[in-house]
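Hi everyone, thanks for coming.

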Amino acid sequence: MFHSFPPLPIDSSDDHFHEECAVFGIFGHPEASKLAYLGLYALQHRGQEGTGIATMDHGRINLRKSQSLVSEFYTEEMLEDLKGSSAVGHNRYATQGGDPERDLQPLTAFFSDGSMALVHNGNLTNAPEIRRDLENDGALFTTMVDSEVLVHLIARSRGTGLVDRIAQALGSVKGSYSLLALLPDRLLGIRDPLGLRPLSLGQLGESFVLASESCAFDLIGARFIRDVEPGEMVVISKSGVESYRLFPKKDSAPCIFELVYFARPDSQVFGIPVYPARKELGRQLALLHPIEADLVIPVPDSGVAAALGYSEASGVPFDMGLVRNHYVGRTFIEPKQAIRHFGVKIKLNAVPDLLKDKRVIVVDDSIVRGTTSRKIVTMLRAAGASEVHMRIASAPIVSPCFYGIDTPTRGELIASTHDLEEIRRYLKADSVGYLTVSAMEEVMRSSNVRKEPASSSSKEEQFCNACFTGNYPIPFTQEERIQHGLFDLIQIGGLTRNPSDIQD
C-alpha cells in the first residue's frame, strides 16, 4: 500500500533545511565594523533574513540590525558610525513565531560590572522551561529567541565578573550553541559540550577573529588557527587568547549535516575540508548505487561536488544539465496565470540539447519533502531525458532537528513516512539511491578528506546524525518530548507509518 503526503504549509520550491544563523567576532582592530561586515557577507548562506553588528567603544555598545541581506543593509557611512575596535555580528534565518525585527541579534545587556553584546548559533532545548520559571519569578522578556534566556541567567548569576557569570549561566542550559559575547575589554567564544555547531578561531595581524566557518577568514585575509573545542571557552583580550574548559570532556557530536549541505564548500569545519568531503560522498554513492547511464548532472549548487565524485568513480561523464539562476531574490512576482513548476523554474532550468535521449543520473545533497526533486525529474523528462535516476549524497532524512536548524515536522519528511519504492514512485524517477549513515560517517573519518585534525577529534569521532536516525545526543525530558511532538510516535523499522494512499 502507498501513502499520501500531508499538506505542505511551507514554500515547497525551497526544499532544503535552513541553518538558523551565523556568528562572527573580531577583537582589537581599528576597522572592526568593516571586517565584521565582510565576515557576515562571507557567511550570508547561513542566514538571509536578518543581520546585525554591535561594536564596543570604550564600554559603550553601538548597534545596527535589520531584516535585510548584508549587502543591502550596511553602508560605508553606517560602518564608520559603528565605532570601536571590537565587534560581533550575526546573520539570521527567521523561523516561525516571534517578531522578526525584534528578535534580531546581537542582543545587548547592561550589567553592574559592564555591558555585553551576545550572538548565538544553535538552539537551547530547555529554554522554554527556563523561560517559564524566570517569568514566574518576575523576569521580563523582550524577544522570543532562546538566547535571551542566557541574558537573564547571566544577570542572576553570583559569579565574580561577567566571564565567570557567563560560564555559570551556561551550566543551566542544554542544547547547541556557538556563542560569542563581546565585553568592554574582551571577546568570548564558546561551544557547547558536544560541539554540535561549528566555531573557528583565526588571526589577522595582531587581532583575533571568531567565525562560524573558516571561509569568513579567507575574505578578510585572516589565518585559520584552529576550531574552538567542544565545551571550550576562549577569552580574547589585549593579553592574547586564553582557553578554559567549562565542562568535563566527553565524546563530541558535531552536526554531520554541516558537512553534507550547510557549510560553504571552501570552508573547513570540525577539522574537515568541506569540498573534498562532499566529493568523497559522491564517490561512495557511485560504489553503493551504480547504474548504466550517459550523463551525471548535479542539482546546483549543493550537489556539484558530490556529482563530480560520482562521475569520477563511475566513469559516467559529468555535465551541467541544470542551470541555476544566481540572481533570484527572496521574493518574486508570480504571474496570475499559473506556470507549471514556476517555483522551481525560477531557480533552475534544464538544458534540452544536452539531455535529449540521455539516461541521466541526478545527484543532490539531500531530499527533505521531495517536492522539488519531483519537479526536477519532471523537468528533465520534459527536456528529453529518456531515464532519470536520483542519487542522494546523504542518508534518508527521517527526523527533525532541534539543535539550531529549521526543519519541517517529522510528518513532512518524505523518508520518515515512506519507503524507498514509495519515494521513487512519488518522484517519478527510474531509480533512487541514498547513502547509508555508516558510509557518510566513514567518509568524514577518512584520511582521504580529513587533514591533520584541527581539533582533538580522532578518527573515531562520533557525529550527530539525529536527522538521519532519530537518535538525539541530548536526552529530552518528558516535557520537551511533548513540546517537540515526540511523545506519540510509533516507529516501525525506522518509519513512522501513515495509513493513507500515496498520490502520484
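Let's start with one spot: in which loop is Asp357 found? Asp357 sits in the loop between α12 (352-355) and β20 (359-364). Keep in mind that this is a predicted model. Asp357 isn't a glycine, yet it has a positive phi of about 65°. Asp357 counts as exposed because its relative accessible area is 56%, and the cut-off for exposed is over 50%.

Lys428 has a positive phi of about 65° too, and again we're not looking at a glycine. You'll find Lys428 in the loop between α15 (420-427) and β23 (431-434). Its relative accessibility is 37%, so Lys428 counts as partly exposed. Why point these out? Because most residues other than glycine have a negative phi, and most peptide bonds are trans.

On the peptide bond side, I've got a couple to show you. The bond from Gln105 to Pro106 is cis, with omega near 10°, and Pro106 is in the loop between β5 (86-92) and β6. The bond from Pro300 to Asp301 is cis as well, with omega near 0°. Asp301 belongs to the loop between β17 (295-298) and α10 (304-314).

Now over to β6 (residues 107-111), the strand that holds Phe110. Is Phe110 buried or exposed? Its relative accessibility is 61%, so Phe110 counts as exposed. If we leave aside neighbours within four places in sequence, Phe110 is in contact with Ile61 and Ser115. Ile61 is 49 residues away from Phe110 in sequence, with 9.5 Å between their C-alpha atoms.

Okay, zooming out. The chain has 18 helices and 23 strands, and 59% of its 504 residues count as buried. Take contacts with a separation of 6 or more: 71% of them are between residues 24 or more positions apart.

Buried residues in α9 include Val274, Leu281 and Leu285.

Last stop, the cavities. Among the lining residues are Arg197, Phe257, Tyr403 and Cys467. Both α8 (256-262) and α17 (466-469) supply at least two residues of that lining.

How values were computed: Residues are numbered from 1 along each chain as its sequence is written. This is a predicted model: local features need pLDDT of at least 70, side-chain atom pairs count only at pLDDT 80 or more; totals for chains, interfaces and linings use all residues. Side-chain values use heavy atoms; hydrogens and water are left out. Helices (H or I, at least four residues) and strands (E, at least two) are DSSP runs, numbered from the N terminus. Buried means under 20% relative accessible area, exposed over 50%, partly exposed in between (1.4 Å probe, protein chains only). Contact means heavy atoms within 4.5 Å. On a 1 Å grid over the protein atoms alone, a cavity is a set of points where a 1.4 Å probe fits but cannot get out, and a pocket is an open set with protein on both sides within 12 Å along at least five of seven lines; lining residues have an atom within 4 Å of a point.
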